[in-house]
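Please keep the structure in view while reading.

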Amino acid sequence: MTQTTQKICAGDIRSASRLIRDLEDKRPEARLRLRQLFPHTGRSFIIGITGSPGAGKSTLADALIGELRKRKKTVGVLAVDPSSPFSGGALLGDRVRMLRHAEDEDVFIRSLATRGALGGLAHAAGDAIHVMEAMGKDVILVETVGIGQQELDIIHHAHSIVVVLVPGMGDEIQTMKAGVMEIADVFVINKADRPGAKQLKTELTSLLNASPHGPRDWIPPIVSIGNLYEPESFAKKTAELMDAVAKHHAHLVVSGQLAERTERKAVMEITDALRACILEPVIERLITDGELKKIVGKIQNRETDPYTEAEAIARRFLNTGKTP
Amino acid sequence: MYFSDETQKASRKLTEQWQANVQNTLKTNPDWKNRFSTVSDLDIKRLYTPEDLQNTDFARDIGAPGEFPYLRGNQVTGYRGQPWTFRMFSGMGSAEDTNRRWHLLLREGQTGLSTAFDFPTLMGYDSDSPKALGEVGKCGVAIDTLEDFLALIDNIPLDRVTTSMTINPPATVLWAMYCAAAEIKGVPLNQIGGTIQNDMLKEFIAQKTFMCPPEPSVRLISDTVEFGAKYVPRWNPISISGYHIREAGATAVQELAFTLRDGIEYVEDILRRKKMSVDDFAPRLSFFFNAHIDLFEEICKLRAARRIWAKVMRDRFGAKNPRSLWMRFHVQTAGCSLTAQQPYNNVVRTTVEALAAVLGGTQSLHTNSLDEVLCLPSEHAVEIALRTQQILAEETGVVNTIDPLAGSYFVESLTNEMEAKAWEYIEKIDAMGGMIAAIERGYPQMEIADAAYAFQRQIDAGEKIMVGVNKYATEAQHPVPLVEIDEKVGEEQIRRLKDLRRRRDSRAVSQSLADIRAACKNGANVMPHCIAAVKALATEQEICDVYREVYGEYRDPGLY
Amino acid sequence: MPERKIRVMVAKPGLDGHDRGARILARCFRDAGFEVIYTGCHQTPEQVAAAAIQEDVDLVGLSCLSGAHRILFPRVVELLREKNASDITVIGGGIIPEQDFPMLYDAGIQAIFTPGASLDSIVEWVRTHIRGRN
């Protein structure tokens with residue numbers, strides 16, 4: 001292990017954050033470091049927090065951090081915000097709502113921009129989680145971009161997923177697509193002091209009752225959290241949420257589903273790695289050689305079709321036994 | 001209808017002719033700019049005519065001074081009765097430093113006092129708090145206790161001069177100090193006059209000096225309104241502000257709309273919370289607007305404000321007392337219009353802005369000093385600023401007649417337009433469930449951020465000009481003597497606090513703080529207990545810490 | 001190899017809440033293609049430094065209009081130095097009289113942008129001074 005990776009395993013925030021940056025920027029040496037860290041990953045409890053924009057995910061994350069710290073857990077947080085499709089830049093503002101933990105050395109909050117990734121997370125999110133795991137963080141919170149219908153990548157990374165809903169912000173259950181409802185392990189109705197909260201809970205409950213459950217299935221509990229500024233009840237509800245999440249984690253372990261989820265993640269990781277190690281270099285080579293342009297031209301003129309070309313390339317690169 | 005049919009007909013004919021002439025002229029002599037718009041980006045026509053007032057009804061929409069809708073002013077004798085108050089916002093360093101500046105200003109002819117506090121005081125922290133590091137006395141006066149306050153008002157006749165205090169979350173504390181000081185000086189509460197800004201909604205929207213969340217903040221405000229109505233009848237317990245909303249980058253229409261909607265929110269809250277009728281407290285609600293550099297936009301904004309508020313009070317709230325329908329306001333010239341480059345140009349800007357305020361009928365005015373972009377105002381700079389008001393009042397003739405621009409096709413048309421646009425915003429916020437609901441959604445904050453960004457982009461593109469900055473810039477330096485506040489002010493305050501804590505009766509302090517805590521929890525009015533606490537020499541932060549403890553601290557959602 | 005994205009932080013240390021300029025700057029940086037961590041107002045220098053390190057930013061832009069810059073800006077630089085993060089560039093803006101510039105430069109502030117500086121000039125400065133390093 002290099003000095004850097006040693007530092008990361010010892011919990012050094014700067015080195016960890018720099019490695020995450022190298023991974024975001026796709027630096028070649030970053031991959032090597034990740035390989036060195038990999039044996040030290042897989043030990044953290046990963047909680048995903050997702051929900052519509054404006055649902056209060058960051059404020060909830062902040063509350064959970066507080067609760068976890070009370071329970072003496074070390075915490076890593078990945079807060080993801082969208083990159084502008086026009087400029088490529090991003091305004092990463094989630095940490096504003098988690099400021100009170102800024103100086104807690106056992107809390108590492110890292111903002112990530114999606115950089116064009118569409119699943120609600122950044123490309124580098126999975127790797128960033130590994131870095132935080134290697135640091136020895138007990139729990140890692142991953143806050144996704146405000147969820148629409150497609151932002152479901154969180155299911156590949158998190159063990160327990162909290163879906164945050166809020167009354168009156170277009171969260172009518174009927175408009176929620178199946179995907180979002182299915183991925184939730186715990187539901188939170190946030191800002192439950194607002195009008196419409198009871199109705200939302202009723203709708204949600206009846207929807208959950210209507211879904212079929214198998215023998216090992218978990219029925220996602222619904223936690224209603226009210227006004228942030230009623231400190232006692234807010235703290236109580238936060239603890240209730242944390243208990244629900246912890247209970248889910250225990251359920252995963254006992255039912256064997258945890259292994260299923262980590263297996264799912266490993267499958268995704270190897271697939272992604274293969275893509276990065278095989279597909280991308282091939283495409284890059286075709287681009288630099290000018291061959292891609294020629295192929296594209298031929299396809300446009302209908303002189304050939306994509307599959308014929310791809311198969312020919314595959315034969316070339318795979319049969320020779322050389323990796324490109 | 002404002003003009004007769006014949007006039008309208010004649011106007012149409014002449015306008016057509018004129019339009020044709022314009023088209024001809026433009027062929028060889030085009031306009032020198034593509035767009036002629038206000039600083040808030042409202043497009044202005046080349047010409048306004050009687051046709052622009054087709055739907056205006058003289059009696060209903062314009063009327064007479066002192067009559068509904070009060071477009072032409074609240075006072076039947078206008079500035080002939082008395083000119084606006086020359087009220088210079090002022091505060092620096094220690095209470096003694098500020099007291100010296102106040103006496104200078106009074107000697108130089110200002111007619112009302114206005115207090116600028118430093119950031120720790122504004123935010124409810126004592127000078128010895130770690131959060132006060134580097135901030136004590138830097139942009140206003142440091143007030144930690146009643147003893148500081150007594151030094152501040154030393155030799156000021158509280159029964160003869162009114163004092164405004166720009167203070168928000170800790171307003172109850174500073175007002176309590178003022179009341180306690182008055183008592184000590186033998187002036188009964190029913191004789192002191194002044195204003196506390198005490199407008200928390202605009203803090204959440206724009207200025208960001210906040211402490212407690214919206215709900216309890218508004219509750220504390222209602223306590224001050226109730227206390228004032230009963231015991232301090234000549235005091236304005238709130239100054240509903242648009243100045244800061246504008247400084248944060250809002251357009252003139254947004255400033256107008258959000259300020260008035262804040263006013264509506266307060267009235268609704270007080271009616272819900274306290275057993276008062278609207279006429280019990282509405283006459284003492286006051287407002288505070290910005291006077292920005294576009295002369296006519298500001299005049300029209302202020303006139304529209306009067307008319308909208310009169311309608312709101314009469315129609316929405318059913319107020320019967322004419323004084324409830326009056327909008328009384330203070331104006332400050334726009335800080336954000338001043339430039340650090342070629343600072344002497346700022347005298348000109350402030351003059352035009354002051355003129356706008358006066359032609360808009362303000363009751364009270366602060367004019368910025370030329371050096372305020374760089375530091376606290378020097379004596380010379382503040383003198384020029386004060387003279388600006390005095391020259392306007394004494395030399396220019398603006399006081400000779402009431403609402404001189406009434407009837408102008410342009411001014412009445414733009415006033416109508418701004419009013420209509422403001423109503424749109426007000427209705428939108430109503431539909432959201434009110435201003436607090438709108439703030440929670442980030443609506444006014446985002447509107448302002450968008451407007452601010454758009455304006456900056458226009459500046460950078462040269463579409464809007466700031467003379468000396470993006471046009472007519474020079475290399476030449478025009479140095480202005482700078483006022484500096486010594487770090488010693490902070491050190492001295494810390495020393496005073498240490499000494500005070502030793503001397504005072506700590507049991508009396510704890511008891512008074514406990515009483516405030518109880519009042520917060522059981523709904524009793526906090527003001528009497530605040531007065532008792534400041535008399536026992538509780539510090540500002542000690543009282544504010546009680547509020548923080550009971551109500552929690554507001555957390556900025558960080559919208560941008 | 002794709003170019004490194006520039007990561008910057010915009011923060012307001014101290015009690016001053018006038019954030020019009022800071023928010024405009026944050027948006028402008030985003031429009032320039034940077035990743036911007038905006039931490040809002042009422043930050044202590046300790047919070048600013050901790051956040052800068054956690055986010056591995058190239059640059060911290062501090063804004064202060066209350067006159068407290070003389071104490072707060074150097075404090076941020078000092079804290080970064082203590083945590084071995086002196087490679088993070090710190091720039092400042094707000095109400096800062098020219099006579100304070102030498103003292104701030106000495107303390108390690110690398111550039112000061114006062115009212116009237118165009119947004120483009122600030123972006124250019126950042127691009128020039130940061131890109132080289134990456």
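A salt bridge here is a side-chain nitrogen of Lys or Arg within 4 Å of a carboxyl oxygen of Asp or Glu. The model is predicted. By that rule, chain A and chain B share 2 salt bridges. Glu440(B) and Arg194(A) form a salt bridge, and their closest N and O atoms are 3.4 Å apart. That separation is within the 4 Å limit, so the pair counts.

**Between the chains**

Start with the contact itself. Chain A brings 11 residues to it, and chain B brings 10. About 910 Å² is buried between chain A and chain B. Carbon and sulfur atoms give 49% of that area. Polar contacts also cross this interface: 3 residue pairs, with both residues at pLDDT 80 or more. On the side of chain A that touches chain B, two elements give two or more residues: helix H4 (57-70) and strand S3 (90-92) of chain A. By class, this side of chain A holds 5 nonpolar, 2 polar and 4 charged residues.

**Inside chain B**

Chain B has its own division. Domain 1 spans 69-460, and domain 2 spans 488-551. The C-alpha centres of these two domains of chain B lie 27 Å apart. Domain 1 of chain B puts 43 residues into the contact, and domain 2 of chain B puts in 32. The area buried between them is about 3100 Å², with 61% from carbon and sulfur atoms.

The rule finds 6 salt bridges across the interface of domain 1 and domain 2 of chain B. Arg501(B) forms a salt bridge with Asp126(B), with the closest N and O atoms 3.7 Å apart.

Which helices of chain B each supply at least two residues of the domain 1 side that touches domain 2? They are H4 (95-107), H5 (119-123), H6 (146-152), H7 (171-184) and H9 (214-231) of chain B. H7(B) gives the largest share of that side, 9 residues. The side of domain 1 of chain B that touches domain 2 divides into 22 nonpolar, 10 polar and 11 charged residues.

**Buried areas**

| Interface | Buried area and carbon and sulfur share |
|---|---|
| Chain A and chain B | about 910 Å², 49% |
| Domain 1 of chain B and domain 2 of chain B | about 3100 Å², 61% |

Technical notes: Residues numbered from 1 in each chain as written. Chains lettered and ligands numbered in written order. Predicted model: local features only at pLDDT ≥ 70, side-chain atom pairs only at ≥ 80, totals over all residues. Heavy atoms only, no water. Contact = heavy atoms within 4.5 Å. Buried area = accessible area lost by both parts, 1.4 Å probe. Polar contact = N/O pair within 3.5 Å; in protein donor to acceptor, adjacent residues only side chain to side chain. Helix = DSSP H or I, 4+ residues; strand = E, 2+ residues; numbered from the N terminus. Nonpolar A, V, L, I, M, F, W, Y, C, P; charged D, E, K, R; others polar. Domains from an automatic or database assignment.
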